[in-house]
Amino acid sequence: MSLLAEKRIVVIGGTTGIGLSAAQAFVDEGAKVVVVGRNKENVAQAKSQLGKNVQALSADATAPDTAVNAINLCFGKFGGFDGLYHVAGGSGRKMGDGPLHELSLDGWNKTLELNLTSLMLSNQAAVKKFLELKKAGTIFNMGSVMGFSPSPKYFSTHAYAAAKSAIIGFSKSVAAYYAKDNIRVNVIAPAVAKTPMAKRAANDETILSFIKSKQPLDNGRIGKPEDMNGLAVYFMSDQSGFTTGQVIAVDGGWSISEGQYS
C-alpha cells in the first residue's frame with residue numbers, strides 16, 4: 001500500500017524546487033495535493049506536471065488568507081485535510097539582507113516576512129483546521145542549516161539566519177502545545193540545494209568548490225530537491241505518528257564538516 005494513500009496535503013511553495021519535488025513524491029505515494037505558488041506560469045506548469053490529483057493555487061504566502069484558502073480548497077475538492085508542508089521562503093539578499101553592519105531595516109523586515117511570517121500564517125491556518133475537525137494532523141516546516149550552522153564567508157545573510165533559527169523555536173513551541181491534540185510539527189533543515197533561490201551559489205565555481213568539502217556526502221555536491229523527498233513523505237505519513245518537535249538536517253554533512261575555503 002502507498003505510504004500516503006487517502007492523505008490530503010497542502011504544500012505552500014509547492015510549484016518550484018523542493019516544494020514541487022515533494023508534491024510529486026506525495027502524488028506518487030497516493031496523496032491528493034494542493035500546491036501554492038506566487039508565479040502564475042509556475043503554478044500552471046506544476047498543475048500540468050502533477051496531474052489530476054492536484055489542485056494549484058496562485059497566491060502570495062505572506063498574505064493572511066492564502067493558507068486558509070488553500071486548506072479550504074483541499075477540504076472542498078478532496079474531502080479532507082491531513083497535512084501541511086510549508087516550503088515557501090527565500091533569500092532576502094536582494095531586499096537588503098546581509099552582514100549585520102550592512103543589513104537594512106527594510107531587508108530585515110521583508111526577509112522575516114517572507115520566511116517566518118508566511119510560515120506562522122500557514123501553521124496557524126493548519127492548526128485551526130485540525131482543531132475544528134477534531135483530528136490529528138501533521139505540519140512539516142522548511143528550516144535551514146543556516147539557522148544553527150553558519151557559514152560566514154559565503155552565506156552571511158543575518159536576517160535569513162535569524163528567520164530560520166526562529167522557525168526551529170516556533171515549531172518546537174507549537175509542537176509542545178498541540179501534542180495533546182495529536183498535531184505534530186517537525187522541521188527539515190537542508191543545506192545548499194539546487195533551487196531557484198540558490199542560483200547565486202549554484203553558478204559560482206568558488207562556492208561550489210567550498211561546498212564539495214562542506215557537503216562531502218555523495219562525492220561532495222550541491223543538494224537536489226529530491227534529496228528532501230524521503231523525509232517529507234515520512235513526516236506526511238502515519239509512520240511518523242510518534243514523532244514531533246524534531247529538527248532534521250538533510251545537508252550532505254554540512255553541519256558536521258569544517259569545509260575548506262579555496
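1. Helices (H or I, at least four residues) and strands (E, at least two) are DSSP runs, numbered from the N terminus. By that scheme, Gly92 sits in the loop between β4 and α4.

2. This is a predicted model, in which local features need pLDDT of at least 70, side-chain atom pairs count only at pLDDT 80 or more, and totals for chains, interfaces and linings use all residues. Residues are numbered from 1 along each chain as its sequence is written, and side-chain values use heavy atoms, with hydrogens and water left out.

3. On Gly92: its relative accessibility is 0%, so Gly92 counts as buried. Buried means under 20% relative accessible area, exposed over 50%, and partly exposed in between (1.4 Å probe, protein chains only). Gly92 touches Asp97 and Thr111 when residues up to four places away in sequence are not counted; contact means heavy atoms within 4.5 Å. Leu103 is 11 residues from Gly92 in sequence, and their C-alpha atoms are 10 Å apart.

4. Helix α8 (residues 229–236) has six of its eight residues buried, so it is largely enclosed by the rest of the structure. Those residues are Asn229, Leu231, Ala232, Val233, Phe235 and Met236. They pack against β1 (8–12), α1 (17–28), β4 (83–86), β5 (137–142), β6 (183–190) and β7 (247–250).

5. Asn229, in helix α8, has 13% relative accessibility and therefore counts as buried. Apart from neighbours within four places in sequence, Asn229 is in contact with Ser21, Ala22 and Ala25. Asn42 lies 187 residues away along the chain, with 20 Å between the two C-alpha atoms.

6. The axes of α1 and α8 come within 9 Å and cross at roughly 55 degrees. That makes α1 oblique to α8. Axes are lines fitted to C-alpha atoms, for helices over the stretch in contact, with angles running from 0 to 180 degrees between N-to-C directions. Angles under 35 degrees count as roughly parallel, over 145 as roughly antiparallel, 65 to 115 as roughly perpendicular and the rest as oblique. Ser21, Ala22, Ala25 and Phe26 of α1 make the contact with Asn229, Ala232, Val233 and Met236 of α8. By class, this contact of α1 with α8 has six nonpolar, two polar and no charged residues. Here Ala, Val, Leu, Ile, Met, Phe, Trp, Tyr, Cys and Pro count as nonpolar, Asp, Glu, Lys and Arg as charged, and the others, Gly among them, as polar.

7. The largest nonpolar core has 28 residues, of which Val11, Phe26, Val33, Tyr85 and Phe140 touch the most other members. Elements giving two or more residues to this core are β1, α1, β2 (32–37), α2 (40–50), β5 and α8. The largest share, seven residues, comes from α1. A nonpolar core is a set of buried Ala, Val, Leu, Ile, Met, Phe, Trp, Tyr and Cys residues joined through side-chain atoms within 4.5 Å. Outside four places in sequence, the residues that Tyr85 touches include Val11, Phe26, Phe140, Ala232 and Met236. A second, separate core of 23 residues includes Ala61, Ala70, Ala125 and Ile183.

8. Helices α4 (residues 105–133) and α5 (residues 158–178) have axes that come within 8 Å and cross at roughly 15 degrees. They are therefore roughly parallel to each other. Among the residues that meet are Trp108, Leu112 and Leu119 in α4 and Ala159, Ile167 and Phe170 in α5. The contact of α4 with α5 has 16 nonpolar, five polar and one charged residues by class.
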